[in-house]
Amino acid sequence: MKNVLFLCRTNNCLSLMAEAYMSAAGRGVWRPWSAAVETAGDVVPQLPEFLKRVGLRKLNLYSKSWSTFAVHGAPRLDLAVLIRGDFDALSFPDLPGPPEHMTWSISSPVATEAASGGDHLLLRAFAEIRR
């Protein structure tokens, strides 16, 4: 089984959504993880319920720093996926291994509808992750 790490700025929505999706879609092939490139933030409160509504039952989603994966005993990463919003200037942290890199550009739903309880942008982001 291969390990994939989904990274975004704060690990509070998109990377967690990707981790939850890959837990179901990549079962038996990929073991997904997620982390923040910068300061880890609180999980968007609507995310766990949204994931249940779209059929994903991933439990124990929590925000964590990428440094969790740079310590002795951390899982060996095969792939790191950096999820960037429209204007993010994020770059990959220095991960051990090093894993292969991939970048996805997905608009973050956090700043608008997700923060106010709407699902429209969460659904759009989820559709982009599933592609």
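Cysteine C8 is buried in this predicted model, with a relative accessible area of 6%; buried here means under 20% relative accessible area, exposed over 50%, and partly exposed in between, with a 1.4 Å probe and protein chains only. C13 is buried as well, with a relative accessible area of 0%.

C13, in turn, is in no disulfide. A disulfide is a covalent bond between the sulfur atoms of two cysteines. The rule applied here asks for a pair of cysteine sulfur atoms within 2.5 Å, and by that rule the count of disulfides is zero.

Residues are numbered from 1 along each chain as its sequence is written, and side-chain values use heavy atoms, with hydrogens and water left out. Because this is a predicted model, local features need pLDDT of at least 70 and side-chain atom pairs count only at pLDDT 80 or more, while totals for chains, interfaces and linings use all residues.

I turn to the chain as a whole. It has four helices and four strands. Helices (H or I, at least four residues) and strands (E, at least two) are DSSP runs, numbered from the N terminus. From that terminus on, the order of the elements is β-α-β-α-β-β-α-α. Of the 131 residues of the chain, 43% count as buried. Contact means heavy atoms within 4.5 Å; among the contacts in the chain with a separation of 6 or more, 67% are accounted for by residues 24 or more positions apart.

Next, the loop between β1 (2–8) and α1, where N11 is found. What is the phi of N11? It is near 55°, a positive value in a residue other than glycine. For background, most residues other than glycine have a negative phi. N11 counts as buried, at 0% relative accessibility.

Helix α1 itself deserves attention. The axes of α1 (residues 14–25) and α4 (residues 120–130) come within 10 Å and cross at roughly 55°. Such axes are lines fitted to C-alpha atoms, for helices over the stretch in contact, and the angles run from 0 to 180 degrees between N-to-C directions. The two helices, α1 and α4, are therefore oblique to each other; angles under 35 degrees count as roughly parallel, over 145 as roughly antiparallel, 65 to 115 as roughly perpendicular, and the rest as oblique.

Which residues make this contact? On α1 they are L14, M17, A18 and Y21, and on α4 they are L122, A125, F126, I129 and R130. By class, the residues of the contact of α1 with α4 comprise eight nonpolar, no polar and one charged. In this scheme Ala, Val, Leu, Ile, Met, Phe, Trp, Tyr, Cys and Pro are nonpolar, Asp, Glu, Lys and Arg are charged, and the others, Gly among them, are polar.

Also in helix α1 is E19, which counts as buried at 5% relative accessibility. Its C-alpha atom is separated by 8.0 Å from that of L5, 14 residues apart along the chain.

Finally, L61 lies in the loop between α2 (47–53) and β3 (79–84), and L61 is buried, with a relative accessible area of 18%. Leaving aside neighbours within four places in sequence, L61 is in contact with L16, E19, A20, V43 and L51. The C-alpha atoms of L61 and N12 are separated by 9.1 Å, although these residues are 49 apart along the chain.
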